[in-house]
Amino acid sequence: MDNRKPLDSIERFSPAVRLGHWSHAISVVALLLTGLALVFRGFGATLGSEGLKFFQQIHHFMAYPFTCLTLLILVFGAPRATAEWLKECFTWTKSDWSFIRAYPAKFFGLKATLPEQGKYNAGQKLNSILTIIGFLIMIITGWPMLYPAKFSPTFVAWSRPIHSLGAMVLGAVLIGHAYLALLHPYSRESIQAMVKGRISMEYARSHHSLWIKALFDDKQRPPAV
């Protein structure tokens, strides 16, 4: 006889993963806001010369945690979870493509049946891939602007527009990610995973059923403690 109580929640992200996520999020937001003042003259003019200089210093300072801190946290604090995340994000199945096709209807509140998903649904995989690409573009183009004497003038000149374009793409990805995690009825419980580390079993079963099945290797018996 199994006397174990059914789980009412399950851990999705460890403290190290959450710390890595928030360190990246905070540095991106700080860089985007200070970068706006450096790119758009109207915004920069409202700050005045001293305010603009202060924003520039913050922008340059935040380049260091943006480049290094999250990587260090994930590599040394959660190496296995990071490897699994990368593997899953770059592994696309037929179910993932079906999710991408069906999700727009779900997003706008229309009736849609979404296929079963793993620990990361296809939308989260796409967000992760765009974030990784954006991260690399901002590093490759950002450091030459910070230390132009160490790079060729042509490379620095090309870095400026690409850096600005990359910032706009990252900003759009961030806004979409924040909306889905905080406000959208279908997915807003997911923020609990990045705040407390856990989500309800009901949410896990309905949104990440393949992950639950793989985790417990039993489709019939409910996970228990």
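Modeller: A patch is made of residues with over 30% relative accessible area and no salt bridge, with like charges joined within 9 Å and nonpolar side chains (Val, Leu, Ile, Met, Phe, Trp, Tyr) within 5 Å. A salt bridge is a side-chain nitrogen of Lys or Arg within 4 Å of a carboxyl oxygen of Asp or Glu. This is a predicted model, where local features need pLDDT of at least 70, side-chain atom pairs count only at pLDDT 80 or more, and totals for chains, interfaces and linings use all residues. Residues are numbered from 1 along each chain as its sequence is written, and side-chain values use heavy atoms, leaving out hydrogens and water.

Biologist: Which residues form the nonpolar patch on the surface?

Modeller: Val-29, Leu-33, Leu-36, Leu-38, Val-39, Phe-40 and Phe-43 form it, with about 570 Å² of accessible area together (Shrake-Rupley method, 1.4 Å probe). Five residues, the largest share, come from helix α1, residues 15–39 (a DSSP run of H or I, at least four residues).

Biologist: Why is Val-29 called partly exposed?

Modeller: Buried means under 20% relative accessible area, exposed over 50%, and partly exposed in between (1.4 Å probe, protein chains only). Val-29, in helix α1, has 35%, so Val-29 is partly exposed.

Biologist: What makes Lys-150 count as exposed?

Modeller: Its relative accessibility is 67%, which is over 50%, so Lys-150 counts as exposed. Lys-150 lies in the loop between α5 (122–146) and α6 (153–182).

Biologist: How many disulfides does the structure hold?

Modeller: Zero, where a disulfide is a pair of cysteine sulfur atoms within 2.5 Å. Cys-89 is buried because its relative accessible area is 0%, while Cys-68, at 40%, is partly exposed.

Methods. Helices (H or I, at least four residues) and strands (E, at least two) are DSSP runs, numbered from the N terminus.
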